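Here is a short report for a reader new to this structure. Start with the chain as a whole, then turn to its helices.

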Amino acid sequence: MNGTNGTTRAKRKQPPSSAAERPQKQHRPINGNDSGGQNTPEVSSMFEDEEMEIEEPRVLAAMADTAEWQAAIEKVVKNVVSIRFCQTCSFDTDPALTSEATGFVVDAERGYIMTNRHVVGSGPFWGYCIFDNHEEVDAYPVYRDPVHDFGILRFDPKAIKYMPVAALPLRPDLAKVGSEIRVVGNDAGEKLSILSGVISRLDRNAPEYGDGYCDFNTNYIQAAAAASGGSSGSPVVNIDGFAIALQAGGRSDGAATDYFLPLDRPLRALQCIQAGKPITRGTIQCQWMIKPFDECRRLGLTPEWEGVVRTNFPKETGMLVAEIVLPEGPSDNKVEEGDVLIKVNGELLTQFVRLDDILDTSVDDKVKLLLQRGGEDVEVEVTVGDLHKITPDRFISVAGASFHNLSYQQARLYAVACKGVFVCEATGSFRFESTDNGWMIETVDHKKTPDLDTFIAVMKDIPDRARVVVTYRHLRDLHTLNTSILHIDRHWSSKMRLAVRNDETGLWDFTDLADAIAEVPPVPRSASFIQLENAQHPAAADVVRSFVRVLCHMPVKLDGFPRNRKWGMGVVIDAEKGLVIISRAIVPYDLCDISITIADSIIVEGKVVFMHPLQNYAIIKYDPSLVDAPVQSAKLSTQHVTQGASTYFVGFNQNMRIVIAQTTITDITAVAIPANSGAPRYRAVNVDAITVDTSLSGQCGSGVLVGEDGTVQALWLTYLGERSPVTQKDTDYHLGLATPTLLPVLHKIQRGEQPKLRMLSVEFNAIQMSQARIMGVSDEWIKKVAEDNSSRHQLFMIRKRTFERNPEAASLLEGDVILTLNGKIITRVSELDVMYDHKVLDAVIVRDTEEMSIKLPTVSADDLETDRAISFCGAILHRPHHAVRQQISKLHSEVYVSARTRGSPAYQYGLAPTNFITHVNGKSTPDLGSFLKAVVDIPDNTYFRLKAMTFDNVPWVITMKKNDHYFPTMEWIKDASESSGWKRVTYEKGKAVKGEGQDGINLTAGETFEMDESMGELEPAVSENTN
């Protein structure tokens, strides 16, 4: 499929150093990890999303400080703050993340703090600062430079009551080679650190950080200081207590080398803000690099000009050389890569600082450049553009994804024209084949979208559930134009929302641009099925007319399910009623969109009719009146297949092609899928699994086993398993489910009844007779087992009890051996199905070597599925689903944390998936209703206390700050009267509002959500993608 080649190679030239030597940005991850990574609870190390590494805290042996140094440091530390922040959503080069860094006060009266641009970020920021005396104050962005790695935060100086706040003077002129310096900052977030060093270079090019944000068009200062994670934004001070540089990055290969940003441009920006003037920033869209004289000579610098430069600047060792000239920019066709810059506006120039001065004061004017190109003088006149205009300050959210105009940062990184619509959050309808960041939208619905305004106009006219053709490219591979047919969701994400940066408030203001257009009513379509070529087995080939393709998209992550989009093949079991059976690994819960493709031609919407609690299948329904095609109801066998029997395997491989093989049933045994150790999620138990003797079985996640007469003997299904601790990927099992198991439920649904199943709240495990004898089963019963089941001598023991809210239902204990249920000896898993139809079972069991007769009450399976969920501070909460109760021995609360969003308060303060919330501000919250009542009235941006219990019964208390602006409290409630089957309620200032509220970013579940997912694991491209 097109699109997957977006990750094949890096387009731009690699830096001279190896990837392992790339410098690291020095902000610190929360809980020991950046939040920009995989969706897994913090039970193991699994958060790796950014290119940079975070090294372990290291402190060089400091020199013995003199009295002068001690006095300087004592003054400086009072100005240094620890910054704890969230970048609340992906924007431009920055992923959503939660982290820590450092800053320092540069204006105590107005409350300005200097830190790094990669801390302030280019998108929405939410954070606070902690001063040396541990007073806390909210921080809001005032400025982030479009290119250079500095930003300015604002705080309220009056909020600091217990210490005087002083400013640290900025003195860029004092940074000199050989100067002894101290880096005063946040050492991995634990304490204030003071690291020693000596400046070794002033003319280093800006370090490259890989594919994320990078500084350029400036020199950097190099020193040996060994700063660690969390030191981003630290002041670099001299013995007189002046800030002479800003900590920005360091080596990640163990070398004690750090890189500091000169303070010339930060000082100018601060002075502009203090004077109430705009911070003008000019650009000619050309990246320059400092190249030594010997390299400049090889590029064509003449001896005459070299002599002039060396005479005027005797300390200089190099000159500025054009590295990247952006297509269609002001410098295009005027400046070329490799040009050596001699003069600007007649002024001899070798320094970035002076070049910035000239460009920043010449916005919308022209500058004259004198260049040396291959030994020839070239003079050009270039118009200086406004750097702020090509730095995005707005984005829109629509159909579950977010978009903005391509930034200068991204354009420079890939040497492309600074134009086009960039997908900053490729989720929802715009979740392409690869989760890699860097997609550019070319057309939507056959209309060109050259900029964000045009894209907005096109998207406004697309109705809900429409399928439109979208073409797009990846920044790493602009040679390839990808084409996909996307299903536009305007019901889960009904509003098209514009977010615009507001530097007065430090927030992003949200405006609703357009409500969704109602979907166009579907019309009947006709189609015919394919015919298999050279089909040697007509009976097996005929079952093609019973297959349909099912795509399921889940907008909210519930029940620990690790993915938000799955596809597989379903089997039509009643063509007249439009009933299809599908694996629960494809349709895990009913808060979803289901698309059913019939005969590779007709696409209809599906709805969940029934979900089996234990046997890994769901029954979905489509409207058969919309389908004019010879769909055939699969003829389901009423007889159980046996081990060794011959059968035909008809499966669908990863390319969605039908494959057929005659094979043999190798085994029929109780399914034994391990429970996931991270986040519990649905798994099949107490059901037989069939395996067959063909390699195709491992390649196909969907299919059937067909007999000679064309009857379907078993469904071939995908079973979701555990997550591998080695590969960090989810394991899928491909196994068969005998069709006689389905018939009782199917017959009820065909009669228009809703199956009301009951079950024993236990997980059974097959044991052999040697084990049974040790457990206390008599020889007489062992003989009865042999007589009843000659092919497999086995009984069933209780391996694990499912926690039940009603203690009376827990009449079986771990280790009990079942002999009979309702007078029938139980030697086959299928014989346990008797529990589904009885409120009480008469049982004979062996417990602690004693045989006894007991009555076993069954429990209703009606309320096992999640029917209500709450989004609060970026966490998804709902009742503990069945998989949780299968793995836990005690429920501490009915408020269970199922997932959380990167860059959210839940992530920042450590509220992790698998936690149970028991109290809010001292009030007990035994259920979702009481929790909602306790939190909706908490004012925005204020702290509250949560008492929680981990999955392993460890109680803990945490304080969290509420954020309604970016993460409003929302509730999803199952409601049959809604077209989607669910309704949404948003709580704004304590009041319930139907649907989506005024604030918040309308993204659906994607890689921003953390649960238990391997981010590198992709689903195959579905049928709606095309070359």
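## The chain overall

Among contacts in the chain with a separation of 6 or more, 68% join residues 24 or more positions apart. The model is predicted. Its secondary structure comes to 16 helices and 65 strands.

The chain has 1027 residues, and 62% of them count as buried. Its accessible surface comes to about 38,500 Å². Carbon and sulfur atoms hold 49% of that surface.

Helix α1 spans residues 67-76. Its buried residues are W69, A72, I73 and V76. Seen down the axis of α1, these buried residues fall within an arc of 95 degrees, so they line one face of the helix.

The other side of α1 has exposed residues: A67 and E74.

## Helices α3 and α6: a pair

Two packed helices are described by the angle between their axes and the distance between the axes. Helix α3 covers residues 264-274, and helix α6 covers residues 352-360. Their axes come within 10 Å and cross at roughly 30 degrees. Angles under 35 degrees count as roughly parallel, and α3 and α6 are therefore roughly parallel to each other.

Which residues make the contact? From α3 come D264, R265 and R268. From α6 come V353, D356, D357 and D360. By type, the residues of this contact divide into 6 charged, 1 nonpolar and no polar.

How values were computed: Residues are numbered from 1 along each chain as its sequence is written. This is a predicted model: local features need pLDDT of at least 70, side-chain atom pairs count only at pLDDT 80 or more; totals for chains, interfaces and linings use all residues. Side-chain values use heavy atoms; hydrogens and water are left out. Buried means under 20% relative accessible area, exposed over 50%, partly exposed in between (1.4 Å probe, protein chains only). Helices (H or I, at least four residues) and strands (E, at least two) are DSSP runs, numbered from the N terminus. The arc is that of the directions from the helix axis to the C-beta atoms. Axes are lines fitted to C-alpha atoms, for helices over the stretch in contact, and angles run from 0 to 180 degrees between N-to-C directions. Angles under 35 degrees count as roughly parallel, over 145 as roughly antiparallel, 65 to 115 as roughly perpendicular and the rest as oblique. Contact means heavy atoms within 4.5 Å. Ala, Val, Leu, Ile, Met, Phe, Trp, Tyr, Cys and Pro count as nonpolar, Asp, Glu, Lys and Arg as charged, and the others, Gly among them, as polar. Accessible areas come from the Shrake-Rupley method with a 1.4 Å probe; for residues, only the protein chains shown count as cover.
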